[in-house]
Amino acid sequence: AKSLIKHCGSAQAVFTERKSILRKVPEIGLHAIKALANTSVFERAEKELKFIEENNIQVHYYENDNFPRRLLHCPDHPIILYSRGQINANPPKVLSIVGTRRATPYGKDITQKIVAGLKDLDVLICSGLAFGIDAEAHQASIKNKLQTIGTVAHGLNMIYPREHYGLAKQMEENGGILSEFISGTIANKENFPKRNRIVAGMSDATL
């Protein structure tokens, strides 16, 4: 998709360009060119736009200023990210904190102490909203008034795990929830490695 947009000049131009020109685009084959003629995707796009408008979703397009600029260093970065809350995706410092879902009391305590030590440094804490260390990092960020982003492996019509719905709502007051998946996408196992590349790619360091 990024090759097509770069070659054609804009996303809109991709859908109006002649097939003979599209065939010359590197990495683009006949299957992709035929897929561009599938008008059902526009119906799905309209549905997504309605969801975005009705649920106050922010859209981060990779050529816009609100896209996490650190992610642009990753060759497989998404074209679009969706978010809920008050997210500044380009703060001075971003630290990702991730860990086991079966965190020990010691692990949780250390996470709380590390985040507390960052409270005067204007650091954004990024994690995956999972059980264990992820949730501890988000909770410690809220406690210390640090912006925190939970990057999820599903659409923003839901929260997984659902036990973290309340935590997610708290995070939206200073940070929020981020996803590359359109609404209705469930948390299938193959989505978690994709989510993890976002968590790592948008940070300066990972703990």
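Biologist: Which residue forms a salt bridge with Arg 197?

Modeller: This is a predicted model, where local features need pLDDT of at least 70, side-chain atom pairs count only at pLDDT 80 or more, and totals for chains, interfaces and linings use all residues. Residues are numbered from 1 along each chain as its sequence is written, and side-chain values use heavy atoms, with hydrogens and water left out. A salt bridge here is a side-chain nitrogen of Lys or Arg within 4 Å of a carboxyl oxygen of Asp or Glu. The closest N and O atoms are 2.6 Å apart, and the partner is Glu 180.

Biologist: Where does Arg 197 lie, and where is Glu 180?

Modeller: Helices are DSSP runs of H or I with at least four residues, strands are runs of E with at least two, and both are numbered from the N terminus. The pair ties together parts that are 17 residues apart in sequence, because Arg 197 lies in helix α9 (residues 191-201) and Glu 180 in the loop between β6 and α9.

Biologist: Which residues are joined with Arg 197 into one network?

Modeller: The network comes from salt bridges that share partners. Joined with Arg 197 are Asp 76 and Glu 180.

Biologist: Which parts does the salt bridge of Arg 84 with Glu 172 tie together?

Modeller: The closest N and O atoms of this pair are 3.7 Å apart. The two residues are 88 apart in sequence, so the bridge ties strand β2 (residues 80-85) to the loop between α8 (165-171) and β6 (175-179).

Biologist: Is Glu 172 buried or exposed?

Modeller: Buried means under 20% relative accessible area, exposed over 50%, and partly exposed in between, with a 1.4 Å probe and protein chains only. Glu 172 has 16%, so the residue is buried.

Biologist: How many residues apart in helix α6 are Lys 113 and Asp 109?

Modeller: Their side chains meet in a salt bridge at 3.1 Å, N to O. Lys 113 is exposed at 54%, whereas Asp 109 is partly exposed at 35%. About one helical turn of α6 (residues 105-116) separates them, and the spacing is 4 residues.

Biologist: At what angle do α6 and α7 pack?

Modeller: Axes are lines fitted to C-alpha atoms over the stretch in contact (heavy atoms within 4.5 Å). Angles run from 0 to 180 degrees between N-to-C directions. The axes of α6 and helix α7 (residues 133-143) are 9 Å apart, and the angle is about 35 degrees.

Biologist: How many salt bridges are there by this rule?

Modeller: Among them are Arg 84 with Glu 172 and Lys 113 with Asp 109. The count comes to 7.
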